[in-house]
Amino acid sequence: MPPDVRSGSGTGSASSGAERGGEPGRDSEGGRELLLEVGTEEIPAGFLARALSELPAAVAEALAGARLAHGAVQVWGTPRRIAFAVADLAARQPDLSERVVGPPVSAAFDKAGNPTRAALAFAEKNGADPAGLERTEVSGKKGEYVVCTRREPGRPALEVLPGLLARLLGAIAWPKVMRWGGGEHAFVRPVHWLVAIHGGEVVALEFCGVRAGRTTRGHRFLGPAAVELDGSAAGYLAALRQAHVIVDPERRRTMIVAELARIEKETGARVRRDDALLDEVTFLVEYPVAVCGEFERSFLEVPEEVVVSAMRAHQRYFAMEDAGGRLASRFVTVAGTVVGDVAVVRHGNERVLAARLADAQFFFREDQKHTPDQLAARAGGVVFQKKLGSVGQKVERIGELAGWIAAQVGAGEGAVARAAALSKFDLASAMVGEFPDLQGTMGRRYAELAGEDAAVALAVAEHYMPRGGQGEPPSSVIGSIVGLADRLDTLLRCFDVGLAPTGSADPYGLRRAALGILRILVAREWRLPLSQLLARAAAPAGGLARAGDATRAQALEFLRTRLRGQLVEVDGLAPDCADAALAAGFDDVPDARARAAALSRLRARADFEPLAAAFKRVANILKGEAPAIGDGLPDPAAFVEDDERALWASFNEIRGRVESRLGEGDYSGALQVLAELKAPVDRFFDKVLVMDQDQRVRSNRLALLGRINATFTRIADFRQLSV
């Protein structure tokens, strides 16, 4: 049994504040609490976790847009409900008075000075008198515009909230929604009840055909009776605890951890750590109770990855291990209710798992009757994609490209060729047919059992890595080469036959493949140009003709977009720094990443903006002036002004140091040296007229700037910076 939860509390500062006391639904400072709950049929665990992570920001944004001041927002959820509470929510909106800019004066009035339809529509929309429209200049715009003051009296929150909450709930970004009955309503699952209370009063909210009230429902079996709520967060949490619903996910997670610890103490075995499974189970139950079970030790002859997969992926069981870390013949399942007869529940779980493990044991024995080459031949006849041929043809293309990559990075071509040939052989195994998540893993096991070289066997497993956008890349060189070749072939060839991703649809995982390519190149620090890799992948092979130039260009741009996303969203670099670095080149992925990072570090300087503005000014004045620059080499004898001589001298003085640092890949150091040009560049632009009427003088000055800019652009295109 789990710990007594009657004394538990919700998480977060807002939760503790809600328990300070005072009138139900009203904070002690005088603000009013808002409580909302949507009761549904069971929501998939993955859907629920994502929605709850995004909900606080969505609630805050909606309330801000409605001019309703508020305090902390806290969210909760179980498989049968999502809920949130807002502390100190204002009782009404403040009155609104704001200046609104309308159309240009030239469009608002005719030649006789009479208001046009545009002016009349603007005045009507904002409740203004057309005769009272003002004319004024607007910052950042040319000419005069009409302006009026829009006034809107504030409304009580109880009037604003029904529409606001309905829109908010309807905008939750579920991966999939469903419709039910004869209505037109759509939500993640059918809605059965709705609670919406502000300051103790029910909000007149209707959503998906259900009207809000103050009644919720407890646990489906342990507390199915209706539960009346007072509208406070503290009262909500307490009432549901009494009804055997732990609505706070963090509290449920803590209870599950405590339950697993209890099982460990009772059995002497350890629960194998699995944070992802723990997160999933947290959103599968409303009241967690752990039950331990066992299975026959003979099943441990099957590779432990199979046993764990059978427990984890299919039944959501936690694996257990002995003190030495070896898999034990025990498991833990988390029920969502108090168990009346533990023996009955345990026996049922054991029977289900035993059936799956018996199948796995049979598949394991049958697969070993065939050699890896026999399985590879069988897999080769499977259609990979009807426009892209068979798996065998794909393996042929992987082998050719992997061999070329191996030659570039100095890897053993024989081992790479063997790993490529066996890369997909386990797809024909009975085990992978039953446990698809084990592809690669079983390939390694079967290759080892067949006596293949350990490096080849490891590469068969690792060429699928990274398995996700932020997963670990392969640890081995051979696995990296084969994985790179596999992804390049998939990406380019799918683009070539019109299977590029559209919108959110990406059935062939091309975004994931692109991220895998980038991750491998960065992890290995391989300076293999993307354009060259794609050119090799485009060569005729494996039953396919050469992919065209347009296809390669499309795939290259796709990779650039993914690289920008990695730099900004994963590495945390400023978007304009990423854009500036990539605009100077991204063919060499590790190099582009290093340049973007160096530029981002430069941004931390106190004088970054004026420094970047000086560099940007050099680049901007050269735009479209390539014909005037000629061969790009300035003639020092043609300099007229002292400040242009000084700039040329300063550049020559630092050029050697810059080149040295660029040659070492020390882009931060190179930028630090280039920063010494700021003062002479500023004086040059202040004192020297670049676009002189004398063609020879003008061209020479442009050549001077072009020479300096050519050094800048080896790091970044400073025109892309937001300064």
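**Notebook: a walk through a predicted chain**

**Entry 1**

I began at cysteine 208, which lies in the loop between β11 (206–207) and β12 (210–211). Helices (H or I, at least four residues) and strands (E, at least two) are DSSP runs, numbered from the N terminus. I noted that this is a predicted model, where local features need pLDDT of at least 70 and side-chain atom pairs count only at pLDDT 80 or more, while totals for chains, interfaces and linings use all residues. Residues are numbered from 1 along each chain as its sequence is written, and side-chain values use heavy atoms, with hydrogens and water left out.

Cysteine 208 is not a glycine, yet its phi is positive, at about 55°. Is cysteine 208 buried or exposed? I found it buried, at 10% relative accessibility. For these words, buried means under 20% relative accessible area, exposed over 50%, and partly exposed in between (1.4 Å probe, protein chains only).

Glutamate 525 also has a positive phi of about 55° without being a glycine. I located glutamate 525 in the loop between α18 and α19 (530–537). Its relative accessibility is 61%, so it counts as exposed.

**Entry 2: a cis peptide bond**

Next I looked up proline 466, in the loop between α16 and α17. The peptide bond joining methionine 465 and proline 466 is cis, with omega at about -5°.

**Entry 3: the whole chain**

I stepped back for the overall picture. The protein chain has 723 residues, of which 49% count as buried. Its secondary structure comes to 28 helices and 20 strands. Along the principal axes, the C-alpha atoms fill a box of roughly 100 × 80 × 45 Å. I also checked contacts (heavy atoms within 4.5 Å). Among those between residues at least 6 apart in sequence, 69% join residues at least 24 apart.

**Entry 4: strand β1 and its partners**

Strand β1 (residues 32–40) has 8 of its 9 residues buried, so it is largely enclosed by the rest of the structure. Which strands pair with β1? One of them is β3 (residues 81–89), antiparallel over 7 bridges; another is β9 (residues 191–198), also antiparallel over 7 bridges. Two strands pair here if DSSP finds at least two bridges between them. I picked out a bridge on each side: glutamate 37 has alanine 83 as its partner in β3, and leucine 34 has histidine 198 in β9.

**Entry 5: valine 202**

Valine 202 sits in strand β10 (residues 201–202). With a relative accessible area of 35%, valine 202 is partly exposed. Beyond its neighbours within four places in sequence, I found valine 202 in contact with Leu158, Ala196, Ile197, Ala212, Gly213 and Arg214. The C-alpha atoms of valine 202 and leucine 35 are 9.5 Å apart, though 167 residues separate the two along the chain.

**Entry 6: a four-stranded sheet**

I then traced an open sheet of 4 strands in the order β15-β17-β18-β16, with antiparallel pairing. β15 (270–271) and β16 (289–294) are at the edges with a single partner strand each, so one side of each has no neighbour in the sheet. Between β17 (residues 318–321) and β18 (residues 327–335) I counted 3 bridges. Glutamate 321 stands opposite leucine 327 in β18.

**Entry 7: two pockets**

I finished with the pockets. On a 1 Å grid over the protein atoms alone, a pocket is an open set of points where a 1.4 Å probe fits, with protein on both sides within 12 Å along at least five of seven lines; lining residues have an atom within 4 Å of a point. Grid points are joined across faces, edges and corners, and a volume is the space filled by probe spheres set on the points.

The largest pocket has a volume of about 650 Å³. It is lined by 22 residues, and Lys424, Gln439, Tyr464, Asp486 and Arg512 are the closest to its centre. Helix α17 gives the largest share of this lining, 3 residues.

The second largest pocket holds about 330 Å³ of space. Its lining has 14 residues, with Glu305, Asp437, Leu438, Thr441 and Arg467 the closest to the centre. Which element gives the most to the lining of the second largest pocket? I found that α9 does, with 5 residues.
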